[in-house]
Amino acid sequence: MTATALPAKSARAWDRLSLRQKRVLWAWSFLAVPILFYSAIRFWPTLEAFALSFTNWNLLRPAAFVGLENYKRLLADPLFWQVFGNTFLYLIIGTPVSLVISFTVAYYLDRVRFMHGFIRALYFIPFLTTAVAMAWVWRWFYQPVPIGIFNAILTWFGIPQQPFLRSTTQALPAILAPAVWAGLGFQVIIFIAGLRAIPTSYYEAARIDGVSEFTILRRITLPLLKPTIVFLVVFSSIGFLRIFDQVYNMNFNDPGGPLNTTKPLVLMIYQTAFKSLDMGYAAAQTVVLFLILLAVSLIQLRILKDR
Amino acid sequence: MTMNVAALENPVARRSIRPGRIIIWTLLFLGGVVMMTPILFMLSTSLKDASQVYDLRLIPEAPSLDNYVAVLSDGRFLRWFLNSLFVAVCVTVSNVFFDSLVGYTLAKFNFRGRYIVFIAILSTLMIPTEMLVIPWYLMASNFGWVDTYWGIMFPGMMTAFGTFLMKQFFETVPDEFLEAGRVDGLNEFTIWWRVAMPLVTPAISALAIFTFLGNWTAFFWPLIVTNSRDLYTLPVGLSSFAVEQAIQWEMIMTGASIATIPTLIVFLLLQRYIVRGVMLAGLKG
């Protein structure tokens, strides 16, 4: 009896609502599961990460509040400063190099009509590859003669072999190379889309005035491309600051080596949390990573917007 | 006359083929070939036997699929392949459904709290995944999700990026279409699913491509949340396989090829949609 009465009653209540009220109820019913998801899987863990960073939890003993102890330890840790420097090296080399190459390619590729799609595909396909798979291909390329291709090419030209991944100075750029390589295709496509969005009338006016190609590039193309450039600078910077897959795989016997010269912050976090199980300390490192990403994005947005 | 108009519309076509153009084309082409070298060498070496690995020629002398037979024979790679496929498909379906639903609600419904919900979701973009993995791992071990498919999938079931992308696109859908649905007596869910969704298919394909690719290649979280070989995704499995093979490069390249070939095939089939999707996502996102 009640079982049948209830839906009928609620149906009548539903009918009494105005159209507007009904739509509001629909909206919240659409949002119910997502709000639950974002609260449980995004917001709560964020707060938890902050909270854990003030504890000494290590999976074995219950967490105890230690205040800023983890952060003090981190600032006093020479490894952290080395890792901090490495992380910025990935960013400072990776972002300009990849953007200059991808812009140059996009600038000229945009004017090419003959086999345009085919050439674009050659640049774009690496973007679709799995970083882990390609890390191993590049690792193979860096091997000494007679295995590695790079050293084979060097010896053909009579240049001595290079240690690449085994060198404390060459390993970081060697690991960065596949990351830059894989990202180029994406940047080229975005740059081309940005170039296409610039109205051709600007160019026509400039050409009628007899302005040189270089001046057009500097005075018209680059300023109008600014939103695209801002997006790509921020996007690729965040990518380089979070580099992990390549580092972990290319020197798998000593991830981050040799002598920690290639270790980025994310790898340090991984090792602290899941190898040393020092969760509280690792949480403090993730907070630092968050602050770095936030600061870098804000600074870049600020600088690039002003100009 | 018509020729002149066409030439004006397309400033490039106005110029005849000059030596400079040919040089630029050639340089771009060579650059593209260089870009493809790692992939080509990987594929070529996967077809060589161990004695030919040191022979750095691109075309194998006696190409054979023996390495593939050897790598695939014990079924591990097949398992990892299916794991990755299953995870990526489930997460993609979930994102297409929920990101669109939320994006649509935020774009097309007027209600108090809409702006707060939008800002709250958008603000999660600032939180790097790495910051959440420790709480996620804690959550996964408390609920017994470690070493399960759900454990690999749950962090990515909805994304702020996808929601933002879909919201941008739903805002371009004219309200008249939705009103027409209401006049026809459709409920709001049906209007979204039957009327609004078909109008934003380019955005849906962009979202699907990005989500699938991101999950197919994901390494960091699957590495953390899986312990047993049977639950590894392809990148995690490939990494452990490569470590095990040590210096058998032809085997490692075969494994790497198995992870790469499917995306190459998908790209060749869907090239237009993928490139357009990347452009859409990049410009709107």
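## A predicted two-chain helical model

The end C-alpha atoms of residues 24-44 of chain A lie 26 Å apart, and this span is 100% helix and 0% strand. These residues belong to a predicted model, and they form one of the spans that an unreviewed UniProt entry annotates as "transmembrane region", a list that also holds residues 88-109, 121-141, 175-198, 224-244 and 282-304 of chain A. Another span from that list, residues 224-244 of chain A, is 81% helix and 0% strand, with its end C-alpha atoms 34 Å apart. UniProt, again in an unreviewed entry, also lists residues 84-300 of chain A as "domain: ABC transmembrane type-1". Over residues 84-300 of chain A the chain is 71% helix and 0% strand, while the end C-alpha atoms of this stretch are 19 Å apart.

Confidence in chain A can be read both overall and by element. The mean pLDDT of chain A is 89, and 96% of its residues score at least 70. Among the elements of chain A, helix α4 (residues 78-109) has the highest mean pLDDT, at 95, whereas helix α1 (residues 2-16) has the lowest, at 65. Where pLDDT is low, the predicted coordinates should not be read in detail.

The secondary structure of chain A comes to 14 helices and zero strands, and its pattern along the sequence is accordingly written α-α-α-α-α-α-α-α-α-α-α-α-α-α. Chain A is more spread out than a compact globule, because its radius of gyration of 26 Å is well over the 19 Å that the globule rule gives for 307 residues. Chain B likewise has 14 helices and zero strands. For chain B the radius of gyration is 24 Å, well over the 19 Å that the globule rule gives for 285 residues, so chain B too is more spread out than a compact globule.

| Property | Chain and value |
|---|---|
| C-alpha extent along the principal axes | Chain A: roughly 90 × 65 × 40 Å |
| C-alpha extent along the principal axes | Chain B: about 75 × 70 × 35 Å |
| Buried residues | Chain A: 39% of 307 residues |
| Buried residues | Chain B: 42% of 285 residues |
| Of contacts between residues at least 6 apart in sequence, those joining residues at least 24 apart | Chain A: 68% |
| Of contacts between residues at least 6 apart in sequence, those joining residues at least 24 apart | Chain B: 73% |

Within chain B, the domain assignment gives domain 1 (19-64) and domain 2 (74-284). The centres of domain 1 of chain B and domain 2 of chain B, taken over C-alpha atoms, are separated by 32 Å. Contact between the two involves nine residues of domain 1 of chain B and eight residues of domain 2 of chain B. On the side of domain 1 of chain B that touches domain 2 of chain B, five residues are nonpolar, two are polar and two are charged.

The contact between the chains takes 71 residues from chain A and 66 residues from chain B. Helix α2 (residues 19-52) of chain A gives the most to the side of chain A that touches chain B, contributing 16 residues. By class, the residues on that side of chain A divide into 57 nonpolar, six polar and eight charged.

Key:
Residues are numbered from 1 along each chain as its sequence is written. Chains are lettered from A and ligands numbered from 1 in the order in which they are written. This is a predicted model: local features need pLDDT of at least 70, side-chain atom pairs count only at pLDDT 80 or more; totals for chains, interfaces and linings use all residues. UniProt positions are given in the numbering used here, feature names are shortened, and annotations may be inferred rather than shown by experiment. Helices (H or I, at least four residues) and strands (E, at least two) are DSSP runs, numbered from the N terminus. pLDDT is the predictor's confidence in each residue, from 0 to 100. Domain bounds come from an automatic or database domain assignment. Two residues are in contact if their C-beta atoms, placed from the backbone, lie within 7 Å. Ala, Val, Leu, Ile, Met, Phe, Trp, Tyr, Cys and Pro count as nonpolar, Asp, Glu, Lys and Arg as charged, and the others, Gly among them, as polar. The radius of gyration is taken over C-alpha atoms; the globule rule is 2.2 Å times the number of residues to the power 0.38. A residue is buried if 20 or more other C-beta atoms lie within 10 Å of its own, exposed if 12 or fewer, and partly exposed in between; C-beta atoms are placed from the backbone.
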